[in-house]
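I opened my notebook to look up charged side chains and their partners. These entries follow the pairs one by one.

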Amino acid sequence: MQRELAEREAANAPTRWYARDDHSFLLKVVQPALAGLMDGSVSTLAPIFAAAFATQRPHVAFVVGLSAAVGAGISMAFAEGLSDTGELTGRGHPVVRGAITGIATFIGGVLHTLPFLMSNLSAALYLAYLVVGFELIAIAFIRYRYFKMNFMLSVLQVVVGGALVFLAGVLIGSH
């Protein structure tokens with residue numbers, strides 16, 4: 001009986017080690033990156049679109065978006081890095097987590113800012129809408145792929161959150 005149990009445990013050891021590595025990767029890399037991508041993609045929507053609608057100048061929206069992406073990236077990097085040492089939670093080194101979160105936040109914020117380099121506001125807005133849609137679907141897919149969430153529910157949750165922030169920016173910029 002003891003021998004059978006030991007053999008079973010030995011046979012399952014690589015699987016458990018792999019699962020532990022998977023869990024560690026989720027905690028140390030995917031979760032900080034996803035939090036950053038979500039924050040950057042959503043939190044920068046309001047200032048960018050408010051600036052675009054208020055000024056009708058794509059360059060202004062670009063400058064506002066770039067500054068929001070940089071500021072959010074720095075803020076999220078420090079927030080994640082200072083949230084815990086990682087020793088008790090197993091979430092990894094705070095500097096690495098902070099860097100991952102900060103970079104992902106910047107990427108999430110700057111992607112839908114880049115269309116405002118175009119001089120035509122209408123074209124920039126339409127391209128930015130497409131980029132935002134792509135970002136939100138990518139976030140939903142990451143949640144589905146790594147956290148086993150229902151894809152359609154994840155899309156709904158992410159799109160509703162993004163839409164609320166987008167509408168806030170449009171309403172504020174239109175008045």
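I began with arginine 91 and aspartate 84. Their side chains form a salt bridge, with the closest N and O atoms 2.5 Å apart. This is a predicted model, so I note these as computed values.

Next I checked how open arginine 91 is. Its relative accessibility is 14%, under the 20% cut-off, so I logged arginine 91 as buried.

Which other residue pairs with arginine 91? I found glutamate 80, again in a salt bridge, with 2.2 Å between the closest N and O atoms. Glutamate 80 sits in helix H3, residues 58-83. Arginine 91 sits in the loop between H3 and helix H4, which covers 94-111. The two are 11 residues apart, and the pair links distant parts of the chain.

Is glutamate 80 buried or exposed? I read 11% relative accessibility, so glutamate 80 counts as buried.

I then went back to aspartate 84. Its side chain also meets arginine 97 in a salt bridge, at 3.8 Å from N to O. Aspartate 84 lies in the loop between H3 and H4, while arginine 97 lies in helix H4. I noted that this pair therefore ties together parts 13 residues apart in sequence.

At 1%, arginine 97 counts as buried.

Last, I put the pairs together. Glu80, Asp84, Arg91 and Arg97 belong to one network, joined by salt bridges that share partners. I also wrote down the total for the structure: four salt bridges.

Technical notes. Residues numbered from 1 in each chain as written. Predicted model: local features only at pLDDT ≥ 70, side-chain atom pairs only at ≥ 80, totals over all residues. Heavy atoms only, no water. Helix = DSSP H or I, 4+ residues; strand = E, 2+ residues; numbered from the N terminus. Buried < 20%, exposed > 50% of the residue type's maximum accessible area, 1.4 Å probe, protein only.
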